[in-house]
Amino acid sequence: MSDKTPVGEVRPSQLLWTYGPGALIDLPNLSVVTLGIDRWEKERCTPIEEARLLSAVRRVLGAQVDSLRMPPFRVSENMGKRTAEDYIGVPVRPFPRWLRCVKCGLLSEYDIGLFKLKESYHRPESTRFVHKDCKGCGCGSCAFPGGLS
């Protein structure tokens with residue numbers, strides 16, 4: 001999966017409570033796991049300037065907390081030409097790591113590269129994996145060429 005392909009959207013508050021690091025996000029066509037904050041682009045995370053909150057966090061977690069930041073998110077809803085802002089977000093990885101082609105039944109590990117991500121720019125939640133060289137089920141009696149889709 002490209003590190004910069006949008007696959008869905010969640011609100012910043014959902015990243016705090018429901019879909020934080022390590023959480024499984026079930027999107028309509030695939031599932032992903034949110035990566036840890038060590039993998040987020042720190043320069044895209046707006047700092048939270050609240051000394052009392054930072055002090056309270058440090059009392060619980062220790063002095064290693066140097067700052068508090070918002071999750072990375074897009075500011076505008078611009079649906080025109082693709083811009084760098086379209087690729088701002090929290091990094092995720094596919095889950096499970098094994099994928100199955102619905103047309104031919106092939107079961108393969110994601111890292112082998114037999115599946116590619118079919119991106120949907122205007123509807124990122126429609127992004128899905130497809131088997132690159134699928135020939136269908138081969139039975140000859142399927143109603144759809146290449147099997148079911």
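The following questions and answers go through a predicted model, from its overall elements to single residues.

This is a predicted model in which local features need pLDDT of at least 70 and side-chain atom pairs count only at pLDDT 80 or more, while totals for chains, interfaces and linings use all residues. Residues are numbered from 1 along each chain as its sequence is written, and side-chain values use heavy atoms, with hydrogens and water left out.

Student: In what order do the elements of the chain run from the N terminus on?
Tutor: Helices (H or I, at least four residues) and strands (E, at least two) are DSSP runs, numbered from the N terminus. The chain has two helices and seven strands. From the N terminus on, the order is α-β-β-α-β-β-β-β-β.

Student: What percentage of the 149 residues in the chain is buried?
Tutor: Buried means under 20% relative accessible area, exposed means over 50%, and partly exposed lies in between (1.4 Å probe, protein chains only). Of the 149 residues in the chain, the buried ones make up 26%.

Student: How many residues lie between β1 and β2 in their hairpin?
Tutor: β1 and β2 run antiparallel and are joined by three bridges. Leucine 24 has valine 33 in β2 as its bridge partner. The number of residues between the two strands of the hairpin is four.

Student: Is threonine 34 buried or exposed?
Tutor: Threonine 34 belongs to strand β2. A polar atom of its side chain lies 3.2 Å from the backbone oxygen of tyrosine 19. This is a polar contact, that is, a pair of N or O atoms within 3.5 Å; within protein, one must be able to donate a hydrogen and the other to accept it, and residues adjacent in sequence count only if both atoms are side-chain atoms. With a relative accessible area of 2%, threonine 34 is buried.

Student: What separates the C-alpha atoms of glycine 20 and isoleucine 37?
Tutor: Glycine 20 sits in the loop between α1 (12–17) and β1. Its relative accessible area is 13%, so glycine 20 is buried. Glycine 20 and isoleucine 37 are 17 residues apart along the chain, and their C-alpha atoms are separated by 8.9 Å.

Student: How far apart in space are serine 126 and leucine 30, C-alpha to C-alpha?
Tutor: Serine 126 is in the loop between β6 (115–118) and β7 (128–131). Because its relative accessible area is 23%, serine 126 counts as partly exposed. Serine 126 and leucine 30 are 96 residues apart in sequence, and the C-alpha to C-alpha distance is 8.7 Å.

Student: Where is isoleucine 48?
Tutor: Isoleucine 48 has a relative accessible area of 33% and is therefore partly exposed. Its place is the loop between β2 (31–34) and α2 (51–61).

Conventions. Pairing = 2+ DSSP bridges.
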